[in-house]
Amino acid sequence: MKKKSQSKAALTRRSFSTGLGAAGIVAGTAPFNIVRAQGAALKVGVLLPRSGYQASIGQDCQRGVDVSAGILKDLGLPSLQIMNADTETNVDVARSRAEKLISDGAQLLVGAFDSGQTSAIAQVAEQKGIPLVINIAAAPPITEQGYKFVFRNFPTGVMILRDAFLNQKEIFQITGSAPKTAVMLHVNDTYGTSIQKGMAAMFPKFDMPYQILQEIAYDPTARDLSVEVAKAKATGAEAFIAVSRLNDAILLTRELIKQRWTPMAVLAIGPGWYEDQYLKTLGKLSDGPISLVPWFDPNKKLSKVLEAALAKAYPGVGMSTNHVYTFEALLVAADAYKRAGSADPKALADAIRTTNITNNVSPGPGIMFDAKGQNDKLKGSAIQNRGGKLVTLAPKEAADAKPEWPLKPYDKRG
Amino acid sequence: MPLDLYLNVAVSGVLTGLVYGLMALGLSVIFGVVRVVNFAHGEMMTVAMYIAVTLFSTLHLDPLVMLVPIAVVLFAFGYVLQAGLINPFINRPEHSQFLLLVGVAIIIVNGLLIIFGPSSQNVQVAYAFDSFQVGPLIIDATKAYAAVAAVAVSAALFIFFRSTMLGTSIRACADNYTGALVVGLNVKRLYALTFALGAACVGAAGPMLLLIFDVTPAAGPAYTLLAFVIVITGGLGSMPGALVGGVLIGLTEAIAGLVFTPSAKSMFAFAILVLVLLFRPQGIMGKRAA
């Protein structure tokens, strides 16, 4: 009976004191709760094309993700919990995967290599108010939409072309030699035609020493480029400008050799001519082409750290744009999380907006974003194939070699 | 544009066209005798190309040297395929044959994708970058060797059909099925042999084409389509027609790419096909149906 009456007591001094003490403990440790919340890894959804025709590129970008954890830890940055998703090289799939990642708890998104897929993901990120840090995507409109949650640490197509022209002029100045004429071969898909149109629009502004005699378009699935190279050779141009991908870069090089034509220079805007598979397939014959592309600054300390980490994890894989910019996207995420002190999306976005990372990998003064969310301080590089490796010729502050100029004749390479 | 540019491109087109012709010859042989349209023709050729790639990458065996063994492998494959799978469909409606062989094609493409992946592969033979200079002409060595091999194999096939008892028997089946049965020819076996010979043609053409083009699993359907264009242009069932069609299409693609735009090459090949269908539906060297 006594026990029953005790259990029915509403509030005793003991229970009141206990409750007051508990409230005091919670209030007193509240700051420590926030620290404990920040100590939790930030959930980062990484969207890349891991299947479909861009699969090999997406898988290459993933290498940049895989080696990031150790480096970020050494930099004193908080850890990231990576949630991977496959865009399947498809815009609609990219959109749905972004939505799924967010519903699964992703607090920040990184991706997605392709401009079309990235645009779709950017729309989702903006709608849901989750920050997106773009690793690679060059289409200018992505950061012209007035988005508040989308940030791009990669040059736009306009910036890439601007630096392509500037770096060429720097090389011509160093070598004391420049071609008077050039012929341009470009793949006729969205990427190739956008570069070709961009070049046509910007060319007059840069007062280049050469005149483009002819522009020759070809199908990206072409099995044989002998006619295209024959046409290019027949123009009598001194320089060969290529906008291509890996397979066509190899085909074009083979035709240059078979048709006994060594131009003064091969100037490539875009992928293909500097990739590991190109160097491996052609050996000595791969030396010489100059690629005008977003790259890394080999003189920066963090570049050497990233390069060493990649070499250890993936022997035989040369560091490239895919690894560098994917790593830097995660660097931005971790840095913002540390400064925000919170995984709240708005706090993260505000922190990303005030990013100022000077200890980075890409050329230029560092990673900082303008009002549109674009890092407009990035610089493109001119790199050259040299003995199976890649050296940086320009810009001057990121160079680690002088140009080999003109291109060594293919029939004199042993 | 200088004349030597046209000559160079034309020669290149003819050389490539000869290899195309050998590929299409197999299709023409099969249809001419067995009356089955092999919708897995290009896919069978990519199998031959991948066999050549594998032999080169593992044992460093030149594709031209392995041409005969690979043709023998495809011969066996073709024999088993016809005897085991296609034979029951010979007297069935054409759409059944079509679906069967398209199914075989899809299985081959996806099998190759699983085994070799989607990336293109090629062989880097010692002479891969060689060329011959004859006056103003620069002739690609690999195309020249492949074309010579294609002509040799085609000649061997012609001699087989004209001068051997087996070849004569196969032609008898093609000319008069009932008559062949009456004189005691084993028609089923002859059909299987003919299909196998057609498969051997792509088995030989595959390594030759590998010297000129890279291979991917997705290339099969494109080659099937190309073989059809060539055979219909040259004349379905006509062996000389297949070679003439191959050369014509190879030359058309090359010159069209030069004169107009390279990215529209195929358009002109299909334009020729349309013209042939409109004005000479039996093909350039085909016989008009009675």
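Q: Hi! At what angle do helix H4 and helix H9 of chain B pack?
A: In this predicted model, H4 (residues 94–116) and H9 (residues 219–234) of chain B pack at about 140 degrees, with their axes 9 Å apart. Axes are lines fitted to C-alpha atoms, for helices over the stretch in contact, and angles run from 0 to 180 degrees between N-to-C directions. Helices are DSSP runs of H or I with at least four residues, strands are E runs of at least two, and both are numbered from the N terminus.

Q: So is H4(B) oblique or roughly parallel to H9(B)?
A: Oblique, because of that angle: under 35 degrees is roughly parallel, over 145 roughly antiparallel, 65 to 115 roughly perpendicular, and the rest oblique.

Q: Which residues make the contact?
A: B:Ala105, B:Ile108 and B:Val109 come from H4(B), and B:Gly220, B:Pro221 and B:Thr224 from H9(B). Contact needs C-beta atoms, placed from the backbone, within 7 Å.

Q: New topic: how many residues of chain B are in contact with chain A?
A: 22 residues of chain B touch 21 of chain A. H1(B) gives the largest share of chain B's side, 4 residues.

Q: And how many helices and strands are in chain A?
A: Chain A has 15 helices and 12 strands, and its C-alpha trace spans about 110 × 40 × 40 Å along its principal axes.

Methods. Residues numbered from 1 in each chain as written. Chains lettered and ligands numbered in written order. Predicted model: local features only at pLDDT ≥ 70, side-chain atom pairs only at ≥ 80, totals over all residues. Contact = placed C-beta atoms within 7 Å.
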